[in-house]
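Open the model in your viewer and keep the selection panel at hand.

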Amino acid sequence: MLDRPSSSRHSWRMLDRRTFLQAAAAVLGTRRALADAAPTLLQNVGSPQDLATPLSWFDRLLTPTDVFFVRSHFGPPALDATRKLAVEGLVKTQLAFAPDELRSRFPVVTQTAVLQCAGNGRAFQTPRVPGVQWGHGAMGQATFTGVRLRDVLAAAGPSSDAAYVRIAGADAPLKPTAPAFVRSIPLARAMAPSTLIAWAMNGEPLTLAHGAPLRLIVPGWAGDHWIKWLTHVGLQKEEADGFYMQTAYKYPIHPVEPGASVKPEEMRSLTTFPVKSVIARPTDGSKGAAGMQEVAGCAFSGDAPLAKVEVSTDGGATWRAAALEGEAGVGRWQVWKHRFVAGPGRATAVVRATDAKGNTQPEKGAWNPSGYFFNAWHAVAWEVA
Amino acid sequence: MTSARGTWAALLAIVLAGASACTKPALPSPVPDASTRSASVVHANEDGRPIVKGACLSCHAEEMLAQQRLPKEKWAATVKKMSGWGANLDPSDTDALVAYLAATYGPDAGPWEPATISAADATEALEAQDDGAYAGGDAATGAKLFIERCAPCHGANARGAIGVNLVDRPLLYRADYVATTVRTGRGKMLPLASTTDRDIADILAHLRTLRVP
C-alpha cells in the first residue's frame, strides 16, 4: 500500500513529517505532489545545525542540496560572497583570491563525490560514545564545481620544504577559549587532481550551510577535511597544530575492545572512509505486497572504486550480486538494485559492498572511542502481505 | 529554593511539551511519550537544571545533550573538556552537573529520535532578514552601547567571554532574533528587557563592522 512507511521501531508519534505527508497523501492519491512539496531533514541539533538526510534519499546518484546533511562545529560565519582565500606560508608568492578571481584564472572542473561525516553511524556504536548521534544520514553525493587546489598552489609556488597544507575557514568558536577548527592535509593529497576549491554544488552556488562562498573538496576523505567557508590554505613543514588535528578525528591503529580507552600514540588521523553500503528502500518495518520486491540503495568506498555489491535475502546464507548504476570511482557512490520474489510473511535484506582493493564491509562495525567510520552490513526487514 | 525548583521543573515541562508538540505530528500515541519519562527523571535531579542552562545551553541546543547516552565517567570527561573550553561552570557546581547529566542522559535513558525540520526552514534559519524596526543604526553610538552593556560578558572585541562570539555571524542579520534574545535571555544571559529598538539597531550596526583578523 505505502512504499515507504516509517520503521516499526518508531511509535506513530515518531513518524517524520515527510513520511507522515506521504501516508496522508497516499490516502488522497496525491502522494508525489505532497512529498515533493515538503522535503525534510532529521534535526540532530537545531543550532548550530547538525541535520541528517533521511535514508530514503539514498536510492539515487545525487542527493538534492536542500536535503543534503549539514554538520556544524560552531555554525557558519555571515554570508559574504566576496570572502577572500589567502594562499600563504612556504610559498614563493603569497596570494589572495576572491571567488570570481579563482574562476577566471584557473581551469574550472566539475566532479561527483561522496561527502560523508567521519561520525556517520555513531549512534550504532555499543557502548555509545559522545558526539552527534548520527544514524545513516550524515552522507550524500553531489557534483562540485571549482578549481584544482594544485593549480592554485602552483601559482603561489610551493617551497621545496613544504609537506602539509593547513586549511582553515572563517567560522570561529563560540568562545575564544575553545579551539578553532583547523585541519591540514599532506601536500601529496593537496596536489591530487580530485582536490578542489569549489563554489558550486549540484550546479548551484554553494549555500551558506555548505560553505559559501568556497569550500575544499577532498573526494574519498572524511568530511572533516572538506573545510567550509575556506579562507586560508597555508603550506608548512608540519601537520596543523590544535585540538582538531592533534586530538580529534583519530582512529585506533589496532582493533580495540568495545569501551576500551586507547592511548594517543595508538591512534592515527582519519583519512579515507571505508567501503560501505546502505539500503534506502524498502524501509525497515514497512509493509509491501507479495511478489516482486526491489531493494535499492547506494554503495561506495574512499579507498577504491566499487567492485561489487551483494544482497542476501536469506539472512546471510547466500548472496547475489546487485546491479550497479552510475560511474565507478574512488569516493564516488553507485546506486545498486536487487529484485527477488517474496511470498507473504517477513522479508529481509542484508547488503555488503566490496571495493576494487578487496576491502569488504564487516558484519559488525569496529567500535572506536569517537565512533568514526561505522560501516557494518545494513539489514532491513519488512512485512509482505 | 523550593519555589525556584518548582519553577525550573515547570519550565522544563513546558519546553519538553513544546518540543514534542512542534516536532511530531499530532497522532494518537499507543505508548507513553518519551518526554514523560524524561521529565520524571529530571524531577529527581532538578538541582542540576539551572547549572545546565548556564554551563551548556549558552552554546549548545538542548538536543546535543539529550541524544547522548553516557555513563558518569564519560560525562565527567566531557564536562572537564568543556570547562577548559570556556563553559560557564563554577568549579563547585561540577559534581552536581555531572550527576544531573548522568542521571538524565545516561546509558539507560531510552531511545532518542531526532525531530524533523523542513528543508525550507533549515535554509531560512541562516538567511538574512529585513531589519524592519532595527534598520538604520548608528555604528558609533552602537560601539559605546556595546562597551557599556554587552562587553562585560561578550568581551570588548565581541569575540566572546562569558557570552558567545558575536563577530561575523549570521544572527547579526537576523535582528528580530537578536532582539528576542536580548530581551528574554539565553543560557547564562539575563534578559535586558529595557533595551530599545534603537539600541539594538545601533549595536547591530557596530557589530556588523567587526571582522576576525
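**Stop 1: a buried arginine**

Select B:R49: its relative accessible area is 7%, so this residue is buried (under 20% is buried, over 50% exposed, partly exposed in between; 1.4 Å probe, protein chains only). B:R49 and B:E62 form a salt bridge, with the closest N and O atoms 2.7 Å apart (a side-chain nitrogen of Lys or Arg within 4 Å of a carboxyl oxygen of Asp or Glu). B:R49 sits in helix α3 (residues 49–55) of chain B and B:E62 in helix α4 of chain B, 13 residues apart. Helices (H or I, at least four residues) and strands (E, at least two) are DSSP runs, numbered from the N terminus.

This is a predicted model: local features need pLDDT of at least 70, side-chain atom pairs count only at pLDDT 80 or more, and totals for chains, interfaces and linings use all residues. Residues are numbered from 1 along each chain as written, chains are lettered from A and ligands numbered from 1 in written order, and side-chain values use heavy atoms, without hydrogens or water.

**Stop 2: the interface**

Show both chains. 47 residues of chain B contact 45 residues of chain A (heavy atoms within 4.5 Å). Together the two chains bury about 4100 Å², 60% of it on carbon and sulfur atoms (accessible area, 1.4 Å probe, lost on being put together, summed over both parts). Now pick B:W85, B:T116 and B:L126. In chain B, these lose the most area to chain A, together 15% of what that side buries.

Which residues make the salt bridge between the chains? Select B:D168 and A:R83; their closest N and O atoms are 2.9 Å apart. The count between chain B and chain A is 1 salt bridge.

Next, color the strands. Strand β1 (residues 40–45) of chain A pairs with β1(B) in the antiparallel sense, over 4 bridges (pairing takes at least two DSSP bridges). A:L42 stands opposite B:T116.

**Stop 3: inside chain A**

Go to A:D50 and A:R71. They form a salt bridge at 3.1 Å between the closest N and O atoms. A:D50 is in strand β2 (residues 50–52) of chain A, while A:R71 is in the loop between β2 and β3 (85–89) of chain A. A:D50 is buried at 3% relative accessibility; A:R71 is partly exposed at 23%.

Finish at A:E310 and A:R352, a salt bridge of 2.9 Å, N to O. A:E310 is in strand β18 (residues 306–312) of chain A and A:R352 in strand β22 (residues 345–355) of chain A, so the pair ties together parts 42 residues apart in sequence.
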